[in-house]
Amino acid sequence: MKVAVSASGADLDAPIDPRFGRCAYFVFIDTEDMNFTAFNNDNIALGGGAGIQSAQFVASKGAGVVLTGNCGPNAVRTLQAAGVELVVGQTGTVRQAIDNYKGGNLKSTTRANVADHYGSGGGASAPPGTPGMGQGMGMGRGMGMGRGMGMGRGMGMGRGMGGGMATPGPASPNQDNASPLSKEQELKALKDQADALRRQIEAVESRIKDSK
């Protein structure tokens, strides 16, 4: 079975990215031999439709199951249409989630656990105790060269990248009739989110270095 996991890094020990549509990476694991392949998520900066595009992407790669933290209605419907099983509410590392799945400890769902546009900074509400995603920070640079002699010739090239940094957002008081989390559960969720964000920042800094 090929399983796709939303991750903040490109290996099995990376923390799970709580966002599905706008996660930093998708890690695809063959549960038979634990071989894996990681892909950058090109949909992370989309203004809309990231969940649908990401769902189509994991389906196109042959994933039969998706393990993630949060998934909105549009992505859920797209995954269902493609026959991909969905498991939400995952924390910890990619390896831990796979081990739990192989051990039969996870249950799939056909319901979204966040509203549309979760993680886009658009003010979507999150379930109790789930940190929301705040304003994004982008970085980019461009270089251009040109010369003209009678008839002009020019060459230009530019590169840019952007990555969102999250801040705790408002909690929804009644998301799927969920019970409020205890202080310990909320603290653990916040710590997991902070760890995932640190990994995302490291990944962005690494891309910046590689682009120089």
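How many helices and how many strands does the protein chain have? There are four helices and seven strands, and the model you are looking at is a predicted one. Starting at the N terminus, the elements follow the order β-β-β-α-β-α-β-α-β-β-α.

**The chain as a whole**

- The protein chain has 212 residues, and 37% of them count as buried.
- Its accessible surface comes to about 11,700 Å², with carbon and sulfur atoms making up 51% of that.
- Among contacts in the protein chain with a separation of 6 or more, 58% are between residues 24 or more positions apart.

**The sheet**

- Five strands form an open sheet in the order β3-β2-β1-β4-β5, and their pairing is mixed.
- Strands β3 and β5 (85-87) are the edges, since each of them pairs on one side only.
- From one strand to the next, the twist averages 20 degrees.
- Strands β2 and β3 run antiparallel and are joined by five bridges. Phe28 has Thr37 of β3 as its bridge partner.
- Strands β1 and β2 also pair in the antiparallel sense, here over six bridges. Val5 finds its bridge partner in β2, namely Val27.
- Strands β1 and β4 run parallel, with three bridges joining them. For Val3, the bridge partner in β4 is Val65.
- How much of β1 is buried? Five of its six residues are, so β1 is largely enclosed by the rest of the structure.

- Helix α3 (residues 94-102) lies across β1, β2, β4 and β5. It runs at about 145 degrees to β1.

**A closer look at helix α1**

- Helix α1 spans residues 50-60, and its buried residues are Ala50, Gly51, Ser54, Ala55 and Val58.
- Where do these buried residues sit around the helix? Seen down the axis of α1, they fall within an arc of 130 degrees, so they line one face of the helix.
- The partners that the buried residues of α1 pack against are β1 (2-7), β2 (25-30), β4 (65-67) and α2.
- Beyond its neighbours within four places in sequence, Thr78 is in contact with Ile52, Ala55 and Gln56.

**Aromatic rings**

- There are five aromatic pairs in the count.
- One of them joins Phe26 and Phe57: this pair is tilted, at 6.0 Å centre to centre with 35 degrees between the planes. Phe26 belongs to strand β2 and Phe57 to helix α1, so the pair ties together parts that are 31 residues apart in sequence.
- Phe26 is buried, with a relative accessible area of 1%, while Phe57 is partly exposed at 23%.
- Phe57 pairs with Phe28 too: the ring centres are 6.0 Å apart and the planes stand at 70 degrees, so this pair is edge-to-face. It links distant parts of the chain, with Phe28 in strand β2 and Phe57 in helix α1, 29 residues apart.
- Is Phe28 buried or exposed? Phe28 counts as buried, at 4% relative accessibility.
- Phe20, Phe26, Phe28, Phe39 and Phe57 make up one aromatic cluster.

**Backbone details**

- In general, most residues other than glycine have a negative phi.
- Met34 is not a glycine, yet it has a positive phi of about 65 degrees. You can find Met34 in the loop between β2 and β3 (36-40).

Key:
Residues numbered from 1 in each chain as written. Predicted model: local features only at pLDDT ≥ 70, side-chain atom pairs only at ≥ 80, totals over all residues. Heavy atoms only, no water. Helix = DSSP H or I, 4+ residues; strand = E, 2+ residues; numbered from the N terminus. Buried < 20%, exposed > 50% of the residue type's maximum accessible area, 1.4 Å probe, protein only. Contact = heavy atoms within 4.5 Å. Areas by Shrake-Rupley, 256 points an atom, 1.4 Å probe, with all protein chains shown as cover. Arc of directions from axis to C-beta. Phe/Tyr/Trp six-rings, centres within 6.5 Å; stacked < 30°, edge-to-face > 60°. Pairing = 2+ DSSP bridges. Axes fitted to C-alpha atoms, helices over the stretch in contact; angles between N-to-C directions.
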